[in-house]
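I opened my notebook to keep track of what I looked up, one entry at a time. Here is the structure I had on screen.

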Amino acid sequence: MLNTVFKGVKMITWVTHPDYDIPLPPGHRFTSKKFSDLFELLKKSQYMKSATLLIPKKADAEQVAIAHCSEYVKKIATGSLDAQEQRRLGLQWSPALAKRSFIAINGSLLAARSALKFGVSCHLAGGTHHSHFDFGSGFCVFNDLAFTALTLTKTKEVKNVLIFDCDVHQGDGTARILENNDNTFTCSIHSQKNFPYRKAKSDLDIGLEDDLTWFGYKKHLIEGLNKCVERFSPDLVLYVAGVDVHADDKLGRLSIDDEGLFEREMTVLNFFKKRDIPLATVMGGGYSDDKNELAARHSTVVKAAHEVWCNV
């Protein structure tokens with residue numbers, strides 16, 4: 001446990017980059033401009049007054065190789081993924097996709113370092129938990145969670161990192177990359193019948209039944225939070241705030257409404273703040289044909305962070 005006690009902050013760092021959007025064909029399930037949509041929404045909000053922007057730099061291939069096979073990293077850099085690999089990834093390779101992938105992975109690391117300094121930070125991207133050691137999957141190129149945890153523990157900036165994943169889909173890539181790593185703890189609270197259909201083994205998995213409302217979800221969330229700190233002593237939390245748990249999400253199977261989503265974020269953030277454990281949030285999944293609706297959902301964790309830390 002770090003010695004710093006975070007009683008509250010006046011400003012919260014938002015990590016973003018103008019090149020985060022992904023070029024995609026019309027009708028793709030992934031919303032290509034969700035990252036800039038979120039940032040534009042937040043810029044117009046009251047929370048902008050208590051925000052400080054951080055812009056990450058592009059990671060190099062050697063840095064990314066701490067979490068990924070060098071051959072796979074090279075394929076992303078050079079555009080040499082074959083058709084089958086691109087189908088598994090769910091995204092067509094492009095120079096823009098490669099560039100943003102090397103930037104976004106460093107965005108989560110930057111957010112984590114900011115959280116260690118100030119107590120909390122919000123990455124307006126990230127949560128690419130389906131990316132495995134040697135292949136991409138489920139719209140996830142590089143695994144920012146594993147990359148961040150492995151980098152910070154290698155440099156000894158922290159000893160222990162908890163990855164608390166509330167995306168509706170299990171964080172299978174994160175679990176497999178960090179399997180048997182004593183300095184990390186992976187917790188995934190997800191829809192049991194949803195993608196990926198072949199689940200990995202996290203340090204703690206909580207699989208949920210379909211159509212669960214906030215009332216039923218809350219008890220599993222609290223169970224997960226308590227078990228994590230009972231079994232592990234984190235110096236930092238990476239929180240995957242996936243909004244695909246929402247009742248109206250295209251790829252979710254749960255029934256949590258807007259109020260429940262906000263309560264989830266408040267529950268998680270308050271839990272770790274009360275324990276003086278630094279926390280960095282990442283976006284995770286969210287899918288909708290209405291870009292404004294999706295941006296509003298993704299903004300929930302940022303709003304909650306300002307409520308909890310700045311009393312805004």
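Before counting ring pairs, I wrote down the rule: rings of Phe, Tyr and Trp (its six-membered ring) pair if their centres lie within 6.5 Å. The model I'm using is a predicted one.

**Entry: aromatic pairs.** How many aromatic pairs come out by this rule? I got 13. I looked up Phe-139 and Tyr-287, whose rings are 6.1 Å apart centre to centre with 50 degrees between the planes, a tilted pair. Phe-139 is in the loop between β3 and α6, while Tyr-287 is in the loop between β8 (279-282) and α10 (291-298), so this pair ties together parts 148 residues apart in sequence. Buried or exposed, I wondered about Phe-139 and Tyr-287? Both turned out to be buried.

Next I took Phe-164 and Phe-272. Their ring centres are 6.2 Å apart and their planes are at 70 degrees, so I noted the pair as edge-to-face. Phe-164 and Phe-272 are both buried.

I also found a cluster: ring pairs link Tyr-20, Phe-30, Phe-35, Phe-139 and Tyr-287.

**Entry: charges over rings.** I checked Arg-88 and saw that it lies over the face of Phe-135, 3.6 Å from the ring centre. Lys-273 does likewise with Trp-309, at 5.2 Å from the ring centre.

**Entry: the nonpolar core.** Which residues touch the most other members of the largest nonpolar core? With 100 residues in that core, the answer is Trp-14, Phe-164, Tyr-217 and Tyr-239. Helix α5 (residues 95-118) gives the largest share of the core, 11 residues. I then listed what Tyr-239 touches beyond four places in sequence, and the list includes Phe-164, Arg-264, Leu-279 and Val-301.

**Entry: His-169.** I found His-169 in the loop between β4 (161-165) and α7 (172-177). Its relative accessibility is 5%, so it counts as buried, the cut-off being under 20%. Setting aside neighbours within four places in sequence, its contacts include His-129, His-130, His-190, Asp-244 and Tyr-287.

**Entry: Thr-128.** Where is Thr-128? It's in the loop between β3 (120-123) and α6 (144-154). At 17% relative accessibility, Thr-128 counts as buried. Its side chain reaches the backbone oxygen of Phe-142 at 2.5 Å. Leaving out neighbours within four places, I noted contacts of Thr-128 with Cys-140, Phe-142, Asn-143 and Asp-144.

Methods
Residues are numbered from 1 along each chain as its sequence is written. This is a predicted model: local features need pLDDT of at least 70, side-chain atom pairs count only at pLDDT 80 or more; totals for chains, interfaces and linings use all residues. Side-chain values use heavy atoms; hydrogens and water are left out. Helices (H or I, at least four residues) and strands (E, at least two) are DSSP runs, numbered from the N terminus. Buried means under 20% relative accessible area, exposed over 50%, partly exposed in between (1.4 Å probe, protein chains only). Contact means heavy atoms within 4.5 Å. A polar contact is a pair of N or O atoms within 3.5 Å; within protein, one must be able to donate a hydrogen and the other to accept it, and residues adjacent in sequence count only if both atoms are side-chain atoms. A nonpolar core is a set of buried Ala, Val, Leu, Ile, Met, Phe, Trp, Tyr and Cys residues joined through side-chain atoms within 4.5 Å. Rings of Phe, Tyr and Trp (its six-membered ring) pair if their centres lie within 6.5 Å; planes under 30 degrees apart count as stacked, over 60 as edge-to-face and the rest as tilted. A charge sits over a ring if NZ of Lys or CZ of Arg is within 6 Å of the ring centre and within 35 degrees of the ring normal.
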